[in-house]
Amino acid sequence: MDGVDGAGERANRDLLRFLTCGSVDDGKSTLIGRLLHDSKQIFQDQLSALARDSARYGTTGDRIDLALLVDGLEAEREQGITIDVAYRFFGTSKRSFIVADTPGHEQYTRNMATGASNSDLAILLIDARKGVLVQTRRHSLICSLLGLRHIVLAVNKIDLVSYQASVFERLVSDYRVFASKLGFSSIEAIPISARDGDNVTSPSSRTPWYDGPTLLEYLETVDIAHGAADKPFRFPVQWVNRPGPDFRGFAGTVASGTINPGDPIIAAGSGQTSTVKEIITYEGPQRSAGAGDAITLVLAHEIDIARGDLLVSPASRPEVSDQFAAHIIWMSDQPLMPGRSYLARIGTKTTPISVTGIKYKIDVNTREHLAAPTLGLNDIGFCNLSTGTPVAFDPYEKNRKTGSFIMIDRLTNDTVGAGMIAFGLRRGTNIPWQATLIGKAERAAHKQQKPAIVWFTGLSGAGKSTIANFVERLLHAAGHHTMMLDGDNVRHGLNRDLGFTEADRVENIRRAGEVAKLLVDAGLIVLCSFISPYRAERETVRRLVPDGEFIEVFVDTPIEECARRDPKGLYAKAKAGEIKNFTGFDAPYEAPESPEIHLRTVGQQPEPLAHHLIEKLTQFGLI
C-alpha cells in the first residue's frame, strides 16, 4: 500500500505509556532509575555524572543513588522529592516504554493528574513499612477517574521489613478492599526493593514465597488494548489551512478512529456534511489516517468550519450541548466558585464555562460523597457545568480525548482544573432561545437613549449608593429611562437566600448581573451599586453586554474613611467580631485596575461627583 497507512497508531502498537505514583518518598524515582540501569539504558558518561551527583545529593551512602537519574530539578535533588513530571523513554527487545515519574506530595497532585491523563497503566508504589496512605488513595481515585484500568501495586522497600510475606499479603489485601469499587480491570501486586533490585528486572531469591512475574516482565507482556483506532472517528480542527485562494484544508490530529478519502464527514456542531476529498501529511497525500496521525483534511464541499470544530463520522455522532456533568480535579489554591466564569479548553475549542452546581465532593479515604459549596486545592468533585457556546463531546469513559477538558482562570490564564465529562444534561438542548418580535434596539429607540449598565463598585461606606442616587435623579430630570439596583435592596428579595461567603458573593453578583442585562435589553440605563469585591465577577457582568454598554465606576474611598463614616454601623460590628466575612476586614476587596470612571471621594461631596460622572457618561456617548 502506498503512503503512510495510519502510521501514527501502528508505530505506537508496541509502546506502553505508564506512570509511577503514590505517596512521597515511596521510591518512585529510584524504581525508574533501577529499570533504566538494569535494562542497560544508561550510557557510561551518564553513570559517571550520576556517581558525582550521588556524592553530592545522594541518600544511599557510598552507593549510586538511582533516583537522581530522574530527579532533574535542583530543588528536587536538594529535597529528595519529585516536583515536576519527569518523562523517560526506554525499551527492551519486547516493547518500548514512556514512563512518567509523578510527584508524591499533595500540593503537586495536579502534576500527577497530568501524567495519568497520558498513560495506559499506573505503577502505584506503597512503602512496605507505611502501608496504604491518604495519597495512595487519592492517586488511585485519580487514576480511576482518568480512565486507567490497569494497576501494578508495587510494594516497595520489602527489604526494610525483612522480606516478610505476611506484610506483603496484608498490604495487598488492604489495598484491594479500598480499590474494589474503583473499576480497575486488573491489579498486579509485586513485592520489590527498588534500591536493591529485588523483583524489578530479575526474580529475587530473597522472596521465595513470591512466584509471580518481575515488574519488567509484567510490563513487557501486559495486554493494554489502546482501542483508539476502533472508536468512532473524531477530528478536532486545530487550524484552517489557507495558503492560497485555491486550497482550503483543515489541520489537526486524529483523536480516534480512522478516515479514508471518500468517507462521509459531518461537523458535529453545525450538522453540515461533506465527504473527504484528500488526506495530506508532510509526506504528501495518504490513503488512510488513524488515531494519532497529524493530517490535513480536504473536503469535497465548502462548508463553514473553524478552529475548535469537531469533524466526526455521521454514523456515530457525539453529544452537542452547552450543559453537562463532569468530575473535576481542582488544581488551584483559589477555590472553585460556582457561578464564576472560567474558560474551558475542550479539544481545540475554547469557551466560557461556569459551574452551576457542585453535586458532591469525594472523600478520598472512604469514597463517600460529601456536600460542598466549593472545591479547594486537590479536591475532587462531581459538578454540573454550563458553557458559553454548545460543545461537542463524548463521555470520558468512551473517549478520553473528546471527553476531557481543562479549566482556565480568565484573569491569570492559569490552569485551575481538569475535568472528565460523565454525560450531557438534556436540559442544555431542550431549552432553545425564544425569538422576540421587539428587541433591545427597538426598545432603546423608543426611549431615545443608549442602554447600558453603570456599575458602581467600592467598599461599604464608600458612597456608591449616595452618588448613584444623585446620578439617577439627574438622568431622570433629563428625560432618561433608568432603573437602580442596590446591593442591600436586592438582598431583601432576589438574593435573600445568600450569605456573605465567597461563594455566596459570587452568586449574588451573578444574579444581579443577569437582572441588569435583562433591564438593558428593555432599553434602560441601569445603575448598579454593589460592593462586588471580586474582579472576576465584575468582568463576567461586563461580558454579558456588548462593548460600550458596561461602564465601571470605581468609588475610591480608603477603608479608614469608610470606617469613620460607618453610615450603617457595620464597621463597628466588624471590629467587635460580630460580622464575619466583612469586606476590607476578613474578606478581600479587589480594586478595579482600569475602570472607565474613577471617583476619589475624600474631601468631595456626592452631588458634585454625580455631576462629574454625568459629564463622563456624556463623553462616552451614553447620554
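The structure is a predicted model; local features require pLDDT of at least 70, side-chain atom pairs count only at pLDDT 80 or more, and totals for chains, interfaces and linings use all residues. Residues are numbered from 1 along each chain as its sequence is written, and side-chain values use heavy atoms, with hydrogens and water left out.

The protein chain contains 17 helices and 28 strands. These elements are DSSP runs numbered from the N terminus (helices: H or I, at least four residues; strands: E, at least two). The chain has 623 residues, and 52% of them count as buried. Buried means under 20% relative accessible area, exposed means over 50%, and partly exposed lies in between (1.4 Å probe, protein chains only). The accessible surface comes to about 28,600 Å². Carbon and sulfur atoms contribute 49% of that surface. Areas were computed by the Shrake-Rupley method with a 1.4 Å probe; for residues, only the protein chains shown count as cover. Among contacts (heavy atoms within 4.5 Å) with a separation of 6 or more, 72% join residues 24 or more positions apart.

Side chains of opposite charge can pair when their charged atoms come close. The structure holds 24 salt bridges. The criterion is a side-chain nitrogen of Lys or Arg within 4 Å of a carboxyl oxygen of Asp or Glu.

One of these pairs is Asp 159 with Arg 195, whose closest N and O atoms are 3.0 Å apart. Asp 159 sits in the loop between strand S5 (150-156) and helix H7 (165-179), and Arg 195 in the loop between strand S6 (186-191) and helix H8 (215-221), so the bridge ties together parts 36 residues apart in sequence. Asp 159 is buried, at 15% relative accessible area. Arg 195 is partly exposed, at 40%.

A second pair joins Glu 552 and Arg 538, at 2.8 Å from N to O. Glu 552 belongs to strand S27 (residues 550-556) and Arg 538 to helix H14 (residues 535-542); the pair links distant parts of the chain, 14 residues apart. Both partners are buried: Glu 552 has a relative accessibility of 3%, and Arg 538 has 1%.

Glu 561 and Arg 565 form another salt bridge, with the closest N and O atoms 3.1 Å apart. Both residues lie in helix H15 (residues 559-565), four residues apart, about one turn of the helix. Glu 561 is buried at 17% relative accessibility, whereas Arg 565 is partly exposed at 30%. Elsewhere, salt bridges that share partners join Arg 538, Glu 539, Arg 542, Glu 552 and Glu 596 into one network.
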